[in-house]
Amino acid sequence: MATVELLLSPLPVHVRTARLVGVAAARRARLADELVDELRLAIGEACSRAVALNAAHAPDVPVKIVLRDDATGLTVEVTDAGPESGPPTDPVEELLGEYEVDPRVALAVLMGLVDELDITTTSSGTTVTLRWPLPVRAA
Amino acid sequence: MDVSLDDRQEGDRTIVVVGGEIDVYTAPKLREKLIDLVSAGHYHLVVDMEAVEFLDSTGLGVLVGGLKRVRAHEGSLRLVCTQDRILKIFRITGLTKVFPIHASVDEAVAATPDSA
């Protein structure tokens with residue numbers, strides 16, 4: 001098992017940093033090529049959302065990202081310190097609504113994009129967990 | 001990679017050529033570009049996304065914002081995109097129903113101006 005942990009100041013520029021690290025970890029773990037693009041977008045969405053929430057509600061708290069791979073899969077956890085925000089029922093309505101950018105749209109994209117998605121909310125923030133299967137390696 | 005933004009006029013259409021990565025960091029530049037064009041009276045926009053390497057929901061939000069602005073002037077905003085990895089996020093969010101998406105700039109320019 002290999003683990004990478006990142007702590008990012010909640011600045012938009014660092015979302016790119018997270019994507020780059022995510023892609024590097026995915027390639028090292030030999031995630032299938034077609035899933036690497038999916039992971040890149042998913043980490044970007046999860047981190048954009050987390051950065052926006054921390055920047056608005058807890059600017060001194062870094063966004064935490066943990067990438068972990070084992071024999072069966074690659075897991076990415078993105079933890080923010082913002083208040084709970086449920087996924088929108090209709091992303092089009094959200095996007096066409098009053099606000100041009102809504103963190104809930106990112107969750108809607110993640111729900112449509114990633115098969116294995118878990119969202120855990122506590123009093124201190126939300127952790128979005130994404131998981132992709134890895135090809136079985138020869139013994 | 002940063003975002004690149006250029007525009008040119010083809011008849012009454014303004015072609016906005018976008019390249020690179022559109023994310024939470026670069027999307028404000030695209031937003032500013034679209035606002036500037038609409039403020040200058042360009043209400044029929046064709047956004048050429050063939051050179052876009054990455055687009056997230058922040059970028060979608062900016063495109064929807066542009067659509068709302070041109071619609072306020074009875075304008076149109078059409079997209080040119082054939083890349084499946086970019087089209088995927090439009091499909092996931094249902095925005096394929098909101099934006100006319102064309103396979104080429106010529107096709108977008110030839111489309112009826114007031115239908116989007």
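Hi everyone, let me open with a pair of residues: A:Arg19 is buried, and B:Glu21 is buried too. By buried I mean under 20% relative accessible area, with exposed being over 50% and partly exposed in between, using a 1.4 Å probe and protein chains only.

A quick word on what you are looking at. This is a predicted model, where local features need pLDDT of at least 70 and side-chain atom pairs count only at pLDDT 80 or more, while totals for chains, interfaces and linings use all residues. Residues are numbered from 1 along each chain as its sequence is written, chains are lettered from A and ligands numbered from 1 in the order in which they are written, and side-chain values use heavy atoms, leaving out hydrogens and water.

Back to our pair. A:Arg19 and B:Glu21 form a salt bridge, with the closest N and O atoms 2.9 Å apart; the rule asks for a side-chain nitrogen of Lys or Arg within 4 Å of a carboxyl oxygen of Asp or Glu. Because A:Arg19 sits in helix α1 of chain A and B:Glu21 in strand β2 (residues 13-22) of chain B, the pair joins two chains. Helices (H or I, at least four residues) and strands (E, at least two) are DSSP runs, numbered from the N terminus.

B:Glu21 also forms a salt bridge with A:Arg40, again with closest N and O atoms 2.9 Å apart. A:Arg40 lies in helix α2 of chain A, so this pair joins two chains as well. Both B:Glu21 and A:Arg40 are buried.

Within chain B, B:Glu10 forms a salt bridge with B:Arg8, at 3.0 Å between the closest N and O atoms. B:Glu10 is partly exposed at 26% relative accessible area, and B:Arg8 is partly exposed at 37%. As for shared partners, salt bridges join A:Arg16, A:Arg19, A:Arg40, B:Glu21 and B:Asp23 into one network.

On the chain A side, the elements giving two or more residues are α1 (13-28), α2, α3 (91-96) and α4 (103-113). That side has 15 nonpolar, 3 polar and 8 charged residues, where Ala, Val, Leu, Ile, Met, Phe, Trp, Tyr, Cys and Pro count as nonpolar, Asp, Glu, Lys and Arg as charged, and the others, Gly among them, as polar.

Let's turn to the helices. α1(A) has 16 residues and reaches 24 Å from first C-alpha to last, close to the expected 22 Å; the expected span is 1.5 Å times one less than the number of residues. Its buried residues pack against β1 (2-8), α2, β2 (63-69) and β3 (73-79) of chain A, together with β2 and β3 (44-55) of chain B. Just after α1(A), A:Arg30 takes a positive phi of about 65°.

And α2(A)? Of its 25 residues, 18 are buried, so α2(A) is largely enclosed by the rest of the structure. A:Arg49 is found in this helix, and counts as buried at 2% relative accessibility. Among the residues that A:Arg49 touches, not counting those up to four places away in sequence, are A:Asp80, A:Ser85 and A:Thr126; touching means heavy atoms within 4.5 Å.
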